Amino acid sequence: MSAYVHPSAIVDDGAELGDGTKVWHFCHVEAGSRIGKGCSIGQNCYIGKRTVIGDGCKLQNNVSIYEGVTLGNGVFCGPSCVFTNDLTPRALYPKGHENFVPTPVEDGASIGANATVVCGHRIGRCAMIGAGAVVTTDVPPHVLMLGVPARPSGHVCTCGQLLRGSLLCPVCGRRFERDGDGLKEL
């Protein structure tokens with residue numbers, strides 16, 4: 001098995017694509033980026049230099065993953081969500097890649113359509129960022145973040161279901177306990 005690249009997409013020499021990954025129309029994957037196995041990179045996505053995308057990720061149309069962003073396994077990025085990599089950008093005073101601020105997104109996290117993740121903030125395991133939210137703080141595991149700026153609005157199961165007070169998922173039956181500001185699965 002190998003990766004599929006649509007004829008309109010550009011994958012630079014030196015980019016790595018895992019088996020079963022699909023890169024769709026009008027995408028650009030830059031040299032030095034690594035995309036894992038079984039990923040779907042939707043139409044018109046941009047994957048910058050030195051980015052890492054884990055196995056089984058799904059990037060919907062128009063997603064921009066800039067240098068400094070690392071996606072864990074099974075991360076979902078909704079249409080037109082974007083990550084930044086510079087807290088003080090200036091066109092006339094570029095800082096170079098060694099000064100970009102890293103943004104790690106842990107396994108299973110979901111970022112909603114048109115959400116913005118400001119660089120330097122960790123998105124925890126299985127966290128969920130609502131559509132249109134602007135993330136300006138770290139997000140603990142299994143926390144649902146909504147709004148501008150994004151604020152905690154509950155907890156979500158590994159399967160994505162909103163959890164209530166008992167921290168028992170009504171859909172899949174997983175149980176959780178509080179772990180700092182987030183949750184961990186029992």
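Select Tyr4 to begin: in this predicted model, Tyr4 stands opposite Lys22 in strand 4. Residues are numbered from 1 along each chain as its sequence is written. As the model is predicted, local features need pLDDT of at least 70 and side-chain atom pairs count only at pLDDT 80 or more, while totals for chains, interfaces and linings use all residues; side-chain values use heavy atoms, with hydrogens and water left out.

Next, display strand 1 together with strand 4 (residues 22-23), which pair in the parallel sense over 2 bridges. Strands here are DSSP runs (E, at least two residues), numbered from the N terminus, and two of them pair if DSSP finds at least two bridges between them.

Now turn to the salt bridges (a side-chain nitrogen of Lys or Arg within 4 Å of a carboxyl oxygen of Asp or Glu). The whole structure holds 5 of them. Select Arg50 and Glu67, whose closest N and O atoms are 2.7 Å apart. This pair links distant parts of the chain, 17 residues apart: Arg50 is in the loop between strand 8 (46-47) and strand 9 (52-53), and Glu67 in the loop between strand 11 (64-65) and strand 12 (69-71). Glu67 is buried at 11% relative accessible area, whereas Arg50 is partly exposed at 42% (buried means under 20%, exposed over 50%, partly exposed in between, with a 1.4 Å probe and protein chains only).

Finally, select Lys95 and Asp86, joined by a salt bridge of 3.1 Å, N to O.

Conventions: Helices (H or I, at least four residues) and strands (E, at least two) are DSSP runs, numbered from the N terminus.
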